[in-house]
Number of protein chains: 2
Amino acid sequence: MIGGRRPLRGRKIGDRRLRIARPNSAYFRYSGPGQLTARPAATLPKTTIGRVWAKVKAVAIGRPLASEEEIDERLSKTKALAVFSSDAISSSAYASEEILRILVLAGGAAVAWSLEVAIAIAILLVIVTTSYRQVCHAYPSGGGAYAVARANLGVPIALLAAAALLFDYVMTVAVSIAAGIAATTSVVPELLPYRAELAILVTILLAVANLRGLRESGNIFAIPTYLYVVGALTLIAIGLARVVTGDPSATFPVPPVAPPDGGFEALSVLLIVRAFAFGSVALSGTEAITNGVPAFKPPEPRNAANTMTAMGLLLGTIFVGLSVLAFAFGIVPDQAEKVTLIAQVSRHVYGDGVVFIVFQVVTTLILVLAANTGFNGAPRLARILALDGYVPRQFAIVGDRLAYSWGIAILAGFACLFIWVFDASVASLIPLYSIGIFLSFSISQAGMVRHWFDEQSGGWRWKLGLNLVGAVLTGVVFVVSAAAKIPNGAWIVIVVVPILVGVMLWVRRQYRGQEAELHVAAAGAISAPHRDQRIVVPMNGINRATIQALNLGRTFGSDLRAVYVTDDPDVGDALRERWARQLSDVPLVVIESPYRSFVRPLEAYLDVLDRAWPPDREAPTTIVIVPEYLGNHWWDRVLYNQTAHRLRSALAGREHTVVVDVPYRRGAEQAVAGPDAADASPGNGTGAASSE
Amino acid sequence: MIGGRRPLRGRKIGDRRLRIARPNSAYFRYSGPGQLTARPAATLPKTTIGRVWAKVKAVAIGRPLASEEEIDERLSKTKALAVFSSDAISSSAYASEEILRILVLAGGAAVAWSLEVAIAIAILLVIVTTSYRQVCHAYPSGGGAYAVARANLGVPIALLAAAALLFDYVMTVAVSIAAGIAATTSVVPELLPYRAELAILVTILLAVANLRGLRESGNIFAIPTYLYVVGALTLIAIGLARVVTGDPSATFPVPPVAPPDGGFEALSVLLIVRAFAFGSVALSGTEAITNGVPAFKPPEPRNAANTMTAMGLLLGTIFVGLSVLAFAFGIVPDQAEKVTLIAQVSRHVYGDGVVFIVFQVVTTLILVLAANTGFNGAPRLARILALDGYVPRQFAIVGDRLAYSWGIAILAGFACLFIWVFDASVASLIPLYSIGIFLSFSISQAGMVRHWFDEQSGGWRWKLGLNLVGAVLTGVVFVVSAAAKIPNGAWIVIVVVPILVGVMLWVRRQYRGQEAELHVAAAGAISAPHRDQRIVVPMNGINRATIQALNLGRTFGSDLRAVYVTDDPDVGDALRERWARQLSDVPLVVIESPYRSFVRPLEAYLDVLDRAWPPDREAPTTIVIVPEYLGNHWWDRVLYNQTAHRLRSALAGREHTVVVDVPYRRGAEQAVAGPDAADASPGNGTGAASSE
C-alpha cells in the first residue's frame with residue numbers, strides 16, 4: 001500500500017510466528033519488545049486521493065502533529081494576545097451598541113447614562129481580569145472553569161460550569177459570526193436580506209476548516225486582532241481629539257430617537273440594570289487565556305498573567321472609548337439593525353472612504369476569528385468531558401490534525417440553528433449570550449476561594465479576598481443579567497444548562513455500569529476455558545463467495561454445516577444433488593421456508609441446534625459465517641448484501657453466537673483462497689443470486 | 001425462546017455432531033435427510049411485544065400466509081370483481097369531470113360535446129376490454145404487460161411497459177387518494193385547506209396497513225365497490241327518469257361558465273382531442289384483472305374474462321351515465337375544485353340530505369380502495385423485476401404477511417411527493433396519469449399480436465386482428481394524450497420512464513457481472529485449500545469483553561496476538577506489566593500512537609504483518625476479532641462501540657482479511673465463556689474504557 005513493498009525480516013517471539021516490524025519500518029519505530037511507535041506514515045490515508053489531499057494539506061496547513069508536538073508550539077506574549085484575545089476584544093464591536101439599544105428605550109436623553117454603565121462594566125472587567133491573573137498562577141496546566149471547579153467544588157458544580165461554557169461556546173460562534181456579517185452589511189447593505197444565509201455559510205466554512213485541521217497558531221491569525229486594535233484605538237484617538245478641539249458635530253447632542261411601539265419607557269433603575277446586563281457581554285472571552293497557560297513560553301504563569309492584563313486594558317479602552325464617542329456624536333443604534341453602531345462612529349470619524357471600509361473588513365475578520373475560538377474551545381472541553389466519561393466517548397476521537405470532529409460538527413450545528421432561529425440578528429442573540437459565561441466566571445472564582453482556603457500559602461487571605469469579590473460580583477451579575485434577560489430568550493439558557501448537566505451525569509453512570517460489568521480482577525492468570533464450537537454457514541448456492549466462507553469455516557472446527565433457505569423445494573433438491581457431487585464432506589441443511597422469509601427461519605434453526613445440545617454439557621459457541629460480496633462503488637451497498645446485513649443485525653446479541661464476515665471483494669485477491677475447481681467462464685452462472 | 005425448552009434428541013450424520021430437529025419440533029417439519037420445512041412458528045417474531053402484536057394481527061388480519069396458501073385463496077367472480085375492479089370503476093368518479101373541465105374552456109355551449117367524447121372513450125373501453133379478455137385466456141398464469149411483452153417482444157420493450165406501469169401505480173395512488181379527499185371535502189368544505197395534508201396522511205396510513213400485511217381478499221373490501229356501483233347506478237336511474245319525465249331542471253340547459261383568464265378558447269378539434277385525452281383516464285385500472293387470473297376459481301381464464309366484461313359494462317355505464325346527467329342538468333366542474341362534479345350531480349339528484357352524504361362517503365371509500373390496488377400491484381411488479389434482476393434484490397424481500405416492504409415504502413414516498421407538489425389537486429395530477437397506462441396497454445396488445453402470430457392456433461387471425469386494433473388504438477391514444485398533456489406536466493412521464501428503463505438495464509448488468517465473477521463450475525469436488533491463519537485481537541485493556549474475544553481467538557489457531565493502541569506510553573507499560581501476570585501465553589503488541597488515532601495505526605500494523613510474511617509462501621488469512629459491547633437500549637449505540645464500528649468499516653474489503661464480531665451482551669449469558677479469574681466486584685475497574 002504505502003511505502004515500499006519489500007518484505008521485512010521478522011523475529012521469532014517464543015514459538016509463535018509473531019513478527020515485529022524492523023526499526024526502520026516506514027510505519028513504526030521499534031521502541032521495545034512488542035512495542036511499536038507509530039510514525040506519521042502509519043496515520044496517512046490509504047487511498048491515492050486521500051494521500052494527494054494529505055500532501056496539499058501538509059503544504060497549506062502543516063504536516064500532521066503528534067501529541068507531543070502540540071505542546072512544543074509555545075506562543076510569545078504578543079502572539080498569545082492575538083490568539084487568545086480575539087474573542088474578548090472583538091466583543092467591543094457590539095457591547096456598546098447593546099447598552100445604547102436598551103437606554104434609548106427611554107428616549108435620547110437617557111443615552112447620557114451609557115457612560116456610567118460602560119464604566120461600571122469596565123470596573124467589573126478589572127476585577128475579573130485581576131481574579132483571573134491568580135488562576136493563571138495557581139493552575140499553570142490550564143485552569144478552565146471546569147478544571148478549577150472539579151478540583152475544588154466537586155463534580156456537579158464543575159459540570160454546571162462545563163454546561164454553561166458549552167452553551168456559551170455555541171453562542172460565541174453564533175453572535176460573533178452574526179456581528180461579523182453585520183459589520184459587512186453595514187458597508188454593503190445589499191447583502192442585508194441574506195444575512196442569515198451568509199452567517200450559516202461562514203459557520204459551515206469555519207467548521208469545515210476546523211475539521212480539516214485549521215490551527216490558530218499561524219501568524220495569519222495575529223493580524224486581524226492587531227489591525228482591529230490599531231484601527232479602533234486610532235478611531236478613538238481621532239474622535240476624542242475632535243471632541244477636545246470642539247468639533248461642532250461632537251458637542252454631546254441629544255440624539256433624535258423615534259419612540260418604540262409602546263412609547264418611551266421611564267428612565268428607571270431597572271432599565272439601567274438591563275443596560276448593564278446587556279453590555280456585560282463585553283466580558284465574554286476573557287477567560288480564554290486561563291485555559292491556555294501551557295501554551296505560553298516559560299515562565300508560563302507570569303507571561304499568561306501579564307497577557308491577561310494587556311488584554312483587559314485594550315478591551316476596556318476600546319469599549320469605553322467607543323461608548324464615549326457614540327455619546328459625544330449623539331449616535332444611537334439603528335433599530336432596524338442596518339448599520340452597526342461602531343460603523344456609524346467609524347463613518348462619522350473616518351468619513352465614507354477607504355479607511356472606513358478597511359476598518360469594517362478588519363472588524364469582520366476579528367469577529368470571525370472570535371467565532372473560531374469557539375471552534376477551538378468547545379471541542380477541547382468536550383474531549384476533557386469525554387475522557388472523564390461525562391459525554392459519549394466519540395467526542396474524544398481525534399483526527400490526524402488533532403481535530404475533534406464530533407465536537408466541531410455538533411457545535412456548528414447548534415450555532416447554525418441559533419443563527420437560523422434568530423435570523424442572524426445580534427440584538428436577538430445577545431440575550432442568550434454571556435449568561436453562561438458569568439455563571440462559569442462565578443464558579444471558577446468560587447473554586448479559587450476554596451483553593452486558597454485549602455492551600456493557605458503566603459498571602460492567601462489577600463488572594464482569597466480578591467477571588468471572593470470576583471465570585472460574588474460575577475455571581476450577582478449572573479443572577480441580575482439572567483433575570484433581566486429572561487423575557488428576551490434567556491430562559492432557554494436556564495432550561496438547557498441544567499438538562500445538559502443531567503445528561504452528563506447520566507452518561508457517566510452508564511459508563512460506570514459498563515466498567516463494573518466488564519471488570520476483571522487484576523491478579524491471577526486467565527486461562528482459556530474449553531468450549532465446544534459449531535460453525536454454521538448460511539449461503540445462497542455454490543459460488544466463489546460461499547465457498548470462501550465454507551473454507552474458512554473448515555479451519556474453525558469440524559462441527560460445520562452449510563444452511564440453504566429457499567421457498568422452492570425444486571431449487572433445494574437441485575442444490576442438494578450438486579452439493580453431493582462437489583462438497584460431499586460438508587453437511588448441507590436445506591430449510592424450506594414457505595413463508596418466504598429468510599432470517600427468521602435461520603434463527604429458528606439455530607434455536608433448534610441449541611436445544612438439541614445435551615443439557616448436561618455446556619452450550620457451544622455458534623460461529624455464523626456470513627459471506628459478503630464487496631463492490632467498489634457506492635451503489636454496490638444498495639445492490640448487494642441486504643440479506644447479510646439483516647442477518648447480522650438479527651444475530652447481534654444472540655447468546656453464545658459470534659458472527660464472522662467473509663468478504664469476497666470484486667476484482668481483488670480474496671480473503672480466503674477460492675475454490676480449486678473454479679471455472680470463471682461467464683454465462684454458465686449458478687443462477688442463484690449470490691450474497692443474497 | 002418460543003415454544004418449549006425441552007432438549008430434542010439429535011441424529012448423527014456421518015461422524016459429525018449434526019443434529020436435526022425431530023419431526024414434531026415447534027419450528028420445523030422434518031421433510032427429508034437434512035431437509036427442514038419451516039412451520040409458522042419459525043417466522044414468528046422473537047420479542048414478547050412482537051409476539052403479542054402478531055397475535056393481534058392474526059385476529060385482525062389473519063395468520064401469516066405461506067406461499068402455497070396464497071394461491072389457495074381463490075376468488076369467486078363477484079369477489080374478484082370487487083377486488084380487481086375498484087381501480088377501474090372508481091375512475092368514473094373523476095373522468096367525466098376532466099372531460100368537462102377541458103370543454104368549458106370554450107364556454108358553456110361546448111359542453112354539448114361531452115357526450116360524444118364520453119361515448120368515444122366508452123368505445124375505446126369496449127375494444128380494450130375485449131382485447132384483454134384474450135390475454136386472460138392466453139396467459140392464465142397472470143399476463144401483466146411486462147410478462148406478455150417479455151415473452152413476445154423482448155426485454156427492452158418489456159421494461160418500457162414495466163417502467164410505465166410503475167409510474168402509473170404511483171399516479172394511481174396519488175390521484176385516487178386526492179379524488180377521495182375531494183369527495184370528502186365536497187361535503188365538508190372546512191377540510192379543503194388541508195387536502196394535501198389529509199391526502200398524505202391517508203397515503204401513509206395505507207402504506208403502514210400494507211406494510212403490516214393488509215390483504216384485499218377480505219369481504220370488507222368488496223363492500224365499498226358494490227355500494228358505489230349500486231349508488232351510482234341508482235343515481236343514474238333516478239336522474240335519467242327525471243330527464244325522461246321532463247323535470248324542468250333537466251332540460252339540457254346551457255350552463256353558466258365564467259370565462260377563464262385569457263377568455264374562451266375557440267371550440268376546435270384540438271380541444272376535443274384534449275378532452276378525450278383527459279377523459280381517457282377512465283380506462284386506468286382495466287388491466288388489473290389480467291394480472292390476477294391465477295386468483296380466480298377454476299376455470300380461471302373464463303371466469304376472469306367474464307369478470308372483465310362485467311367490469312367494462314359497469315364502468316362504461318356509470319361513466320357515460322354520469323356524463324349524460326351532468327350534461328342534462330347543465331352542471332360544469334367547479335374551477336376552484338371545491339365540489340366535485342359527481343358531488344354536484346349527486347346533490348342535484350339526491351338533494352342535500354343523508355343519501356348524498358352516504359354516497360360521498362362510499363365514493364371516498366372506493367377511491368381509497370383503488371389507491372390500495374396500487375399498493376398491491378406496484379410491489380408485486382417490483383418483486384418480479386427484482387427476481388429477474390432488473391431492480392435491487394431487496395424489492396423481492398417479503399415479510400411474513402407476504403408484504404414487500406421496500407416496494408410499499410418507495411411507492412408511498414413518491415405518491416406523497418406528487419400529492420405534495422401538486423397540492424392534492426386532481427385536475428393538476430390527471431395529466432401525469434393514464435399516459436403510462438396507454439403505453440403499457442399498447443405494448444401488451446402488441447405482444448398479443450406477436451403471440452397469436454407465433455402460435456397460429458385456431459381462429460388466430462381473428463384474435464390477432466382484434467389485438468392489433470387494440471394495440472394501434474391504444475398506441476394512438478398514448479401518443480395523442482401524451483402530446484396533448486405535455487404542457488400540463490406530462491413531460492415528467494416522458495422524461496422519467498426512459499430513465500427508469502435505463503436504470504433497470506444497468507442494474508441487470510451489475511448483477512450479471514457479479515454472477516459471472518462468482519461462478520463456479522458445476523462439476524468436480526471442491527476441496528479446502530490449505531492456508532495459514534493469523535489472529536489479531538485489537539483491544540482496550542483487560543476486561544471481560546476483550547478476554548472473551550481472546551478466548552475465541554485461541555480456538556482459531558496458535559498464531560494469535562493482542563494489539564493495544566495508546567497515546568500514553570505509561571498506560572502501555574502498565575498494561576504490559578499486568579499482561580505478563582495474567583495472560584502470559586498470548587503475545588501482546590503495544591502500539592504507541594502519538595497522533596492519537598487508533599484505526600490507521602492498526603491498519604498499518606496489519607500491513608507490516610503482511611510484509612513480514614515470507615514472500616515465497618502464500619499470504620495467510622488475517623482474522624481480526626473485534627470485541628463489542630452490546631447494551632439493551634437505543635442509546636447504547638451512541639455510547640459504545642464507536643471504535644469497533646470504525647475499525648470494521650476500515651477493514652471491510654481489506655485483502656486476506658475477515659472480521660469477527662464478538663459481542664459481550666449486558667446482563668446475558670456470553671457468547672464465549674468469560675474469564676476464569678474474573679472478579680465482578682465494581683469500583684475496582686480496569687480504568688480503561690472498554691469496547692472503545
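The entries below go helix by helix.

I am working with a predicted model, in which local features need pLDDT of at least 70 and side-chain atom pairs count only at pLDDT 80 or more, while totals for chains, interfaces and linings use all residues. Residues are numbered from 1 along each chain as its sequence is written, chains are lettered from A in the order in which they are written, and side-chain values use heavy atoms, without hydrogens and water.

Entry 1, α4(A). I took helices as DSSP runs (H or I, at least four residues), numbered from the N terminus. I then checked burial (under 20% relative accessible area, 1.4 Å probe, protein chains only): twelve of the twelve residues are buried, so α4(A) is largely enclosed by the rest of the structure.

Eight of the eleven residues in 269-279 of chain B are buried, including B:Leu271, B:Phe276 and B:Phe278. I found the buried residues packing (heavy atoms within 4.5 Å) against α4, α5, α12 and α18 of chain B.

The axes, lines fitted to C-alpha atoms over the stretch in contact, come within 8 Å and cross at roughly 150 degrees. That makes α7(B) roughly antiparallel to α17(B) (over 145 degrees). Among the residues that meet are B:Leu160 and B:Asp168 in α7(B), and B:Leu439 and B:Ile443 in α17(B).

Definitions and conventions: Buried < 20%, exposed > 50% of the residue type's maximum accessible area, 1.4 Å probe, protein only. Helix = DSSP H or I, 4+ residues; strand = E, 2+ residues; numbered from the N terminus. Axes fitted to C-alpha atoms, helices over the stretch in contact; angles between N-to-C directions. Parallel < 35°, antiparallel > 145°, perpendicular 65-115°, else oblique.
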